[in-house]
Amino acid sequence: MLSFIRRHGELPSAEIARRSGLSAQTVSNIVRALEAEGLVRRGMSIKGKVGKPSVPMALEPGGVTSLGLNIGRRAAEMVLVDFTGSVLAERMTPYSYPTPDAVRAFVLDAIGAIFADRPGDLTHLAGLGIAMPYELWNWLDYVDAPEELMNEWRTIAIGAYLGEATGLETVVENDATSACVAEHLLGRGHEYADFAYFFLGAFLGGGLVLNGKVYSGRNGNAGAFGSLLVPDGTGDVAQLLDVASNHVLERSLAEAGIDASVLRTRPDDWSALEPHLSEWIAATGRYLALAATSIAAVVDVEAVLVEGAVPAPVRAALVSRARSTLETLDRTGIATPDIREASVGRAARSIGAALLPIHARYFLA
């Protein structure tokens with residue numbers, strides 16, 4: 001019933017009974033129990049033409065809270081969300097490169113700061129979701145870090161490590177998959193039952209939703225669209241993440257003698273980076289269109305949603321370029337997917353991570 005309410009919004013008990021196939025009495029009993037636990041609340045009565053007014057039930061935002069941590073290439077971010085996924089607090093720390101000890105120190109400091117301001121939310125805490133890239137130690141080619149420190153990630157079980165430090169239940173997921181979870185639950189997931197998802201961070205990652213559920217696959221790596229092979233413009237091929245990620249723009253700026261830290265210090269305005277920005281948008285949008293076509297040839301998705309750690313105007317420009325490029329490609333035999341902007345925003349990875357403990361404990365899909 002919580003899943004019905006999350007998916008469809010406020011619902012009267014009679015409608016929940018109709019959708020679930022349970023008896024009205026059973027639904028009434030469960031709703032009362034959920035209300036007593038503080039997980040749902042009553043809405044405004046709706047008067048009909050006959051009979052008693054109907055009372056819609058909604059999720060109680062303060063009934064559950066959850067923490068989400070995103071471990072990124074240059075920064076870590078933590079958010080606290082409520083039962084509906086709204087962000088209540090957030091903290092961020094930059095670093096030159098991530099290490100387990102640095103992440104642990106940030107997590108403890110952030111939790112202390114967040115709950116010092118909101119002590120009541122601690123009593124309803126579902127746990128700590130952790131979003132991070134797979135094989136983080138393979139970033140040596142992109143991160144100026146000592147090899148021995150990055151290799152610490154090979155042997156550490158980050159969920160157990162942070163769970164022991166915080167005393168919280170933890171759930172660990174790939175960072176792009178976590179962002180896809182956020183879009184599925186809070187964004188355009190209500191519009192599309194089947195969609196592919198791109199997240200442009202330091203590296204491009206992806207996710208896949210099929211039949212209204214996030215699909216992770218046998219090895220938990222379904223939707224790893226950053227590994228798709230695309231033409232690299234030199235007659236060879238490259239992985240999508242090597243030609244269509246934020247690090248490509250960062251490298252271009254560095255080669256031009258421009259301080260690339262502006263990508264993080266001014267996250268909402270990259271207009272000062274022209275003409276390098278427009279060149280990157282044009283190339284990246286084309287690669288996204290090529291990848292979207294390949295995905296549609298294998299998985300019959302309705303849409304390809306694009307998100308990233310980029311300003312909103314840049315996301316819009318990337319989607320526009322991808323859509324216009326798609327029209328020029330040979331799509332014979334392929335149902336053309338709708339390439340659109342995702343809607344959760346640049347914090348989708350940490351928000352998605354925070355939703356993981358809630359999703360695992362309270363919802364079916």
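Which residue in S6 is the bridge partner of Leu80?

Modeller: The bridge partner of Leu80 in S6 is Ala89. Before going further, please note that this is a predicted model, in which local features need pLDDT of at least 70 and side-chain atom pairs count only at pLDDT 80 or more, while totals for chains, interfaces and linings use all residues. Residues are numbered from 1 along each chain as its sequence is written, and side-chain values use heavy atoms, with hydrogens and water left out.

Strand S5 (residues 75-82) and S6 pair in the antiparallel sense over 7 bridges, where two strands count as paired if DSSP finds at least two bridges between them. Strands here are DSSP runs of E with at least two residues, and helices are runs of H or I with at least four, both numbered from the N terminus. The two strands belong to an open sheet of 5 strands in the order S6-S5-S4-S7-S8, with mixed pairing. Strand S6 (87-94) and strand S8 (170-174) are the edge strands, and because each has a single partner strand, one side of each is left without a neighbour in the sheet. From one strand to the next, the twist averages 15°, with axes taken as lines fitted to C-alpha atoms (for helices, over the stretch in contact) and angles between N-to-C directions running from 0 to 180 degrees.

Helix H7 (residues 158-166) packs on this sheet, touching strand S4 (65-71), strand S7 (125-132) and S8, and its direction makes about 145° with that of S8; contact here means heavy atoms within 4.5 Å. Helix H8 (residues 175-186) also lies across S4, S7 and S8, but runs at about 100° to S8.

Within the sheet, Leu128 is found in strand S7, and it counts as buried because its relative accessibility is 0%. Buried means under 20% relative accessible area, exposed means over 50%, and partly exposed lies in between, using a 1.4 Å probe and protein chains only. Not counting residues up to four places away in sequence, Leu128 touches Leu67, Gly68, Leu69, Met78, Leu162, Leu168, Glu169, Thr170, Val171 and Pro357. One of these, Leu168, is 40 residues from Leu128 along the chain, yet their C-alpha atoms are separated by 6.3 Å.

Another open sheet of 5 strands has the order S11-S10-S9-S14-S15, again with mixed pairing. Its edges are strand S11 (213-214) and strand S15 (338-341), each with a single partner strand, so one side of each is left without a neighbour in the sheet. S9 and S10 run antiparallel and are joined by 6 bridges, and a hairpin connects S9 to S10 through 3 residues. Along this pair, Tyr197 stands opposite Gly207 in S10, and Leu200 stands opposite Leu204 in S10. S10 is mostly covered, with 6 of its 7 residues buried. On its other pairing, S10 is joined to S11 by 2 bridges, and these two strands run antiparallel; Leu210 stands opposite Lys213 in S11. The hairpin of S10 and S11 has 2 residues between the strands, and Asn211 in the turn has a positive phi of about 50°.

The largest nonpolar core has 42 residues, and those with the most contacts inside it are Phe198 and Trp280. Such a core is a set of buried Ala, Val, Leu, Ile, Met, Phe, Trp, Tyr and Cys residues joined through side-chain atoms within 4.5 Å. Among the elements that each supply at least two residues to this core are strand S9 (195-200), strand S10 (204-210), helix H12 (276-298) and strand S14 (303-308), and H12 gives the most, with 10 residues. Leaving aside its neighbours within four places in sequence, Trp280 is in contact with Leu200, Ser245, Asn246, Val248, Leu249, Val310, Val314 and Leu318. A second, separate core of 40 residues includes Leu2, Leu185, Phe195 and Ala303.
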